[in-house]
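Please look at the sequence and the 3D model together, and keep both in view while you read the report.

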Amino acid sequence: MNIKNKMNKLVLVVLLLGATNAQSATIGSEIDNSATKTRVEEQNTITGTVTDESGVALAGVNIVEKGTTNGTTSDFDGNYSINVTDDTKLVFSYIGFATQEVSTAGKNTINVQLSEGMELDEFIVVGSRTAPRSNTDTPLPVDVVGVKELLSTGQASFDKALQYRIPSFNTVQTPVNDATSLLDPYEIRNMGPSRTLILINGKRKNLSALLYTQTSPGRGETGADISAIPTDAIKRVEILRDGASAQYGSDAIAGVMNIILKDRPNEGSATIRTGITSEGDGEMFGVAVNNGSSIGEDKGFVNYTVDLSKVNQSNRPGTVDAAGDAGDFGANIADVQEFLSRRPDAGNINGSPETAAAKFSVNFGYDLSDNTSLYANAAYVYKAVNSFANYRTPYWRTAGDFPYLADFFPGDHPTNPGGYDGYVPTFEGLLSDYNGTVGFKSTINDWNVDASFTTGGNLQTYKVNQTHNRNVVYSPSTFIDANGNGSVDDGEITEGSELYRENSQQSFDPGGTKFSHNVGNIDISRLLSDKVSIGIGAEFRTETFEVIEGELASYDGGGADSFAGASPQNAGKFNRYNIGGYLSLDYDVSDAFLLSGTIRSENYSDFGNAFVYKFSTRYKVSDAFTLRGSISSGFRAPTLHQIYTQKAQYSFVPGQGIQVGGLINNVSTQAKLLGIDQLDAETSTNFTIGFGGKIANKFSYTFDYYNIAVKDRIVLGTEIGPSGDPTNALDILLTNNNLSDVSFFSNAIDTKTSGIDVVLAYKGINLGAGSLDLNLSGNYTIQNERDGAVKNPTLIEEAGQSVVNDTQEALFFTSRPKTKWILGANYDINKFGFSLNNTYFGKTTFQQQGLDANLFTEFTPKIVTDLGVNFNATDKFTIALNINNILDVLPEWNFKSKNAAGDAILADAAQVKNQSNLITFNQRYSQMTYDGYHFSQLGTMFNLSLNYKF
């Protein structure tokens, strides 16, 4: 391996001195930070050279005198020199290579050749304010995934690759593909995307501008767009499965994901990827190039990635029930049956949207001097998504009203060929996401300083085509008479008039949303002694959220049919700032016993102060068995999206089709009329205890129990309908705004979440002429539920309603698998590599809106099997074939009864069909219901990639 990244030298020196910034992007090597004795004995100078198996010099290798903090690193040419006591051992360690121990007895020169193969999960940094420790030695549970593991999944995006590598990580496309098609919600430990903090090279990633408002998993949440990160730019991913607000601030309640970018200058490659589903749709094609270069006389590096891809639409609609549609829309059953005879799926398009993306990433480092370095990274993503709303059938939107839409979808009706046959509105989203960091690290009088500035933003704008505004009223000057002369009288302008119809536009600009932040960090650390290390730091952050106003016709009079634009009253730019600081101490009581603690205080301009803490410990009985645990408090500030979003929302109402509801924000006049309090921060208490170890350098294991209690959890409540009293403030609000219902955010509930994480790995099993690796990892949710009563506003309570009903609780707590396990095997033999992974998705349960209260739906546990085959045709050229979901396993759900009344419903086929129609929009979403499902409904996918190393 040709490694000329001289930046690693300084980084590893800093780590060796214990100066790791908790948000540091670089992991050095495993360093024994346990208490040691200073020995005043005869010194001996050892010199030598460190190379890889090809004889290439390795710069930045850690060389440590075992049992002490005495150490050094190899220079640019792999050379080192260290003064040690007689008759000791030197420990040589480097990322990606097996660690070696060599005795110094009777030696003055020791040359070492390191072998590749040490897994990346041996070393972690996320969650620590001091030097990195091994995965089985750390007081915190961390998953580490290398880029090879991510690419071996054959998944088209980074977030979907994690889905099949990390049991506690879940994501799936939402059933309704409008704005949510730009970013699928993801979460760790079933806690929602808002409670997982994302870092890029240790620095906070900006949030997406998208706020999930559909009735599906992730409702009311927002998160960073991790799907936009090019997988080829990633070196590894560290996922801390523990609360970390004390180390990182807001959002780190469920955990932290730290994405480390590639930093080697001379190991580039080009990859071509293509794929298709077993149904013949969803065609994918992509090209990615990752490369790098040394800067100056090997004083620095630059590593860059370009990733271009296109994924075509996949469509999985159900066969629509004619009687259900006729009942919902008050249509003649014969008309419905005639249309469905030609379009059994009612023209619906739902599955996976068409997506085109261009992703760019660069990572940079440069040595300014022996003890100071400059670093930077940046990324930009442009994504275009084309999806569709529900098809407006001719009996839903009748032909007499909208003949001008016949040009979009001319029908083949036997008595009206080429005439109006309904229409399907498009939703076209454009996303731009950027992030960048520049900073420097320096050692000043044994104090290690890391100062940085980070910026980032996300812009999403929308287009809606093939639809119209059904309610807009034009002035007389808009019209001309039949002869083209002048205008017509007011009396001639009616909603059913030809002139009215023909002057409705069919393409709309509904606006969009934008989020940006700027973050300044300074982190200082030092080894005070061989027992104690300290870290202190501060952060200043500004955030801006903008709702971009749509054009007049997109929101006026109810707006564009399918997706209403942002009105001037709902648009605007909103911002805030916060400042925080932390203090961290690590104390190695003995070789085996570690104590660690961090405290943090933050002040937000909009809601005030937060003080949090974290204490963790580890007791290492031996390499084969280590106990660890932590207790911490945390907080999550309400996002600006949650505070200020206000809009009209098209949503599915069982038995009524698509209706327009309203989302009002907590600082509006309407909120004050309803007695809705302004949002406050969530607070949490986290407790984790576990054990792990490594046996014979081949078998490793970790078991961790977690318990998370959240107070004042922020939720987007259910839609609140009228009370029936026309003088009630709620009814007046709905009537004046032409809304069927209203929803809003509130600190409505307290929650309890607990579970167990398990990771087992056995590596390097000799099997024939090859080597076999086995791994088993899993997550089991013991408890995930509301704790105590819902905190309803008085007016809502008095109306006999609640902001959290059974539908919402299912989305919050049971819409992700109760348990998920991944069993994998990797076998390498000669030029071939085989991987077989089985992912077990446990049951999920829903209580869909409109479903009888005596029933619920349960998605059946399933196992998805993925097969991968790699062929190393030459040292530089590799062919990889992945067959994901090789057995074509699809989500399946069934009704379950809660009681005798539910049993009676399930015994009646007609009632069962009616309940099924209610939650699937008359079978349009028969595969996954309208609320969601637990894994992809696309079935088997074939993926082929060709990789050439430079």
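## About the model

This is a predicted model, in which local features need pLDDT of at least 70 and side-chain atom pairs count only at pLDDT 80 or more, while totals for chains, interfaces and linings use all residues. Residues are numbered from 1 along each chain as its sequence is written, and side-chain values use heavy atoms, with hydrogens and water left out.

## An open sheet and a helix

Helices (H or I, at least four residues) and strands (E, at least two) are DSSP runs, numbered from the N terminus, and two strands pair if DSSP finds at least two bridges between them. An open sheet is formed by three strands in the order S42-S43-S46, with antiparallel pairing. Its edge strands, each pairing on one side only, are S42 (844-846) and S46 (893-897). From one strand to the next the twist averages 35 degrees.

Strand S43 (residues 855-859) is joined to S42 by three bridges, and within S43 the bridge partner of Thr844 is Phe859. Helix H15 (residues 909-920) lies across S43 and S46, and runs at about 120 degrees to S46; axes are lines fitted to C-alpha atoms, for helices over the stretch in contact, and angles run from 0 to 180 degrees between N-to-C directions. Contact here means heavy atoms within 4.5 Å.

## Salt bridges between separate parts of the chain

A salt bridge is a side-chain nitrogen of Lys or Arg within 4 Å of a carboxyl oxygen of Asp or Glu, and the structure holds 44 of them. One of them joins Arg195 to Glu682, with the closest N and O atoms 2.7 Å apart. This pair links distant parts of the chain, since Arg195 is in the loop between strands S10 (186-188) and S11 (196-200), whereas Glu682 is in strand S35 (residues 682-695), 487 residues apart. Both Arg195 and Glu682 are buried, where buried means under 20% relative accessible area, exposed over 50%, and partly exposed in between (1.4 Å probe, protein chains only).

Arg342 forms a salt bridge with Asp421, and their closest N and O atoms are 2.9 Å apart. Arg342 lies in helix H6 (residues 333-342) and Asp421 in the loop between strands S23 (416-417) and S24 (426-444), so the pair ties together parts that are 79 residues apart in sequence. Arg342 counts as partly exposed, at 21% relative accessibility, whereas Asp421 is buried, with a relative accessible area of 3%.

## A network

Salt bridges also link Glu539, Arg541, Glu543, Arg576 and Asp606 in a network.
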